[in-house]
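Please read it alongside the sequence and the coordinates.

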Amino acid sequence: MQTRKKYIFLTFLASWLLLFFLGGDQLLRFAFFSGRRKAEAQRNWPRWTDRSLLKTFADPRELQSDGDPSLPSPRERRTARLNVYKNSRCRMETCFDFSRCQKHGFKVFTYPRDRDQPLSESYSKILTSIERSRYYTPDPEEACLFILSIDTLDRDHLSGQYVRNMDEKIRSFPLWNGGRNHLIFNLYSGTWPNYTEDLGFDIGQAILAKASFYTQSFRPGFDISIPLFSKDHPQRGGEKGWLHRDSIPPRKKYLLVFKGKRYLTGIGSGTRNALHHIHNGKDIISLTTCKHGKDWEKHKDTRCDKDNADYEKFDYQELLHNSTFCIVPRGRRLGSFRFLEALQAACIPVLLSDGWELPFAEVIDWGKAAVVGNERLLLQVPSIVRCIHPERVLAFQQQTQFLWDAYFSSVDKIVHTTLEIVKDRLLPHRSHSRFFWNTLPGGLLALPDFSTHLGDFPFYYLQHGSSPSEKFTAFIRVVSPAGSPSQPILRLIQAVSGSQYCAQILVLWSCGEPPPPSGRWPQTTVPLTIIQGRGKLGDRFFPYAAIQTDAVLSLDEHSSLSTSEVDFAFMVWRSFPERIVGFLTQSHFWDPEQRRWGYTSKWTNELSIVLTAAAFYHRYYHSLFTEYLPAGLRELVDSLAACEDILMNVLVAAVTKLPPIKVTQHKQHKEAVPQQGKGTSGVGSSWHFSQQQDCLTQLADWFGYMPLVSSQLRLDPVLFKDQVSVLRKKYPRLER
């Protein structure tokens, strides 16, 4: 028995010795030092032998942390998102009633405003933008989309503009219907310290147009990401971009700049705390300040005093003007005012805001106007922007100016872009292509209801590689009642029909009496059609289906033109199909004494208006005049004399940013034109001029700026007035 125990003990001892030699050392390490390994597992950084020689850029505790401890965890973020988006799977097909939009089209209704419920300045601008647009309807029965009259922009419960008891107030609206067919605007959501996307109320099945949209919360094809804008953002018009045609320096003073707040703690502090690493004081300027907020001194670190001193050495506007790239890091929320400021300044935005759904990214190609970086790869940004070729830099800058002017320079444009995106979703086969949205003049001015083919628009011929049609339609407006056509009309019809480029003649009969029978009209080589008008001044710009050609020659019954004049003007128009080309010109000017825009038809070297009594333009402008302009603006035209001429010129200038073109006009016709302007005598002329002046003033107010562009250009035929044989001249009759 003793021997047996001895053998068992020896066997057990031998087993342990064998285990120790083959792997016992690792077993002992695991058994006795597992606690130490757990402690060291959090720090996997190498132990440099020359650690004392390396410059310290961050606290080791910073490096051991995967992120800002104040950031919400994925579970917290998911919970907050589900609280807001209880219908997170909403799509247009499931949460939008398309049938409401079939009868009356895309109409938008804003809830009546409650006097006891104050509105922020920004939300008042949004509602005003909708109510003065072509989308608005005062009748909820006609509406396709509904907008709340309760201010939903600021949903930070620490804000003084935070509206409480939203759920109770919204459910009291009989039209709410669980949020179906509603659009909610929001600029600020959540509050300190996590700034989640909690709005504080259930949006139901409503579409959310929100700034600082997080991609994980964004519902593609349903929600819309909008830019963050300040309360001082202009209602309409807006300031122009800072990049001018003749002021493009080959290389600006600074390559990359940033000047802004540095958050010492909390969400958003990680990126801004690291920005000082790329500052070199030469072509890269990165300045931050701790001096903001009430308690900044409690949290100040050793770098704050130096940062604050350097911060005051540079002017923010000067940096914007003189830099090629501008860093746009996230703030407490993903978006910031700096984004729009950089666009306006033609300072290419370098975005450092991971997870941000960029404004209107559904339709805008931001890859042509911005550099999208990664917050964790900040140190790579300088080398990235240095590698961008100068030609591409210029293309980026030009695109920033286009996007700023087309979609972001005013609250009107931001709101109308939002509504137009919703409208495109209703009829995908009649929606804007991305080319329309990302090419001049932009999606708001290229109407897909007119056509979805690029060759049908006046401003895409060059990109499309095509030319306008080789024929034109003469469109003559008649307002004088007569039993038969007058002699001036007969001569005009004969002169126009004699043109080799004339395809047809349309006569808009705007008299109270019925038009003469067809037997009293002259026989022409081209079709002549009578269209019965409604007696309104704006009728001449209605998109009549009878107009089949690209070019329209707009004429009044008293116009006097020769066939040579018509032929030459048409050939000029084919070279400039996006502009108005005509004979009779007028101009505008700024009156410093009256502090308003003035209007004159005196013969001067400058022109900005070509009267549509004798002018060529593209037929697309008929559709734009009727469908783009709101009803209130068209009613203004009908109430003021000769206002339709000014409005059409203002509209075309707003689209093209170019002046009209004056062509050669015959002397006899020139002498017959009555001149209006300062010093014009006669009660009728004075009243007429006053109406035009009032029209120009109201149009400038509606657009928010003066779109008209002045020019000193007149185009004449080759060899015009030259002392050579008439046989060498193509249009000799123009000199008579």
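Buried means under 20% relative accessible area, exposed means over 50%, and partly exposed lies in between (1.4 Å probe, protein chains only).

## Basis

This is a predicted model: local features need pLDDT of at least 70, side-chain atom pairs count only at pLDDT 80 or more, and totals for chains, interfaces and linings use all residues. Residues are numbered from 1 along each chain as its sequence is written, and side-chain values use heavy atoms, with hydrogens and water left out.

## Disulfide count and pattern

How many disulfides does the structure hold? There are five. A disulfide here is a pair of cysteine sulfur atoms within 2.5 Å. Counting bonded cysteines along the chain, the pattern is 1-2, 3-4, 5-6, 7-8, 9-10.

## Left-handed links

C90 pairs with C95, with 2.0 Å between the sulfur atoms. The angle about this S-S bond is -80°, and the link of C90 and C95 is left-handed. Both cysteines, C90 and C95, are buried.

C290 bonds to C304, the sulfur atoms being 2.2 Å apart. The torsion about their S-S bond is about -95°, so this disulfide is left-handed. C290 sits in the loop between strand 9 (284-289) and helix 8 (296-299), and C304 in helix 9 (residues 304-311), so the pair ties together parts 14 residues apart in sequence. Helices (H or I, at least four residues) and strands (E, at least two) are DSSP runs, numbered from the N terminus. C290 and C304 are both buried.

## A right-handed link

C643 is joined to C695, S to S 1.9 Å. With 70° about the S-S bond, the link of C643 and C695 is right-handed. C643 belongs to helix 21 (residues 643-656) and C695 to helix 23 (residues 683-703), so the pair ties together parts 52 residues apart in sequence.

Are these two cysteines buried or exposed? C643 counts as buried because its relative accessibility is 0%. C695 is buried too, because its relative accessibility is 0%.

## Two further cysteines

C387 has a relative accessible area of 67%, so C387 is exposed. C511 has 9%, so C511 is buried.

## Nonpolar surface patch

F9, L10 and L13 form a nonpolar patch on the surface. Together they have about 300 Å² of accessible area, computed by the Shrake-Rupley method with a 1.4 Å probe; for residues, only the protein chains shown count as cover. Patches are made of residues with over 30% relative accessible area and no salt bridge; nonpolar side chains (Val, Leu, Ile, Met, Phe, Trp, Tyr) are joined within 5 Å, like charges within 9 Å. A salt bridge is a side-chain nitrogen of Lys or Arg within 4 Å of a carboxyl oxygen of Asp or Glu.

F9 is found in helix 1 (residues 2-41). F9 counts as exposed because its relative accessibility is 55%.
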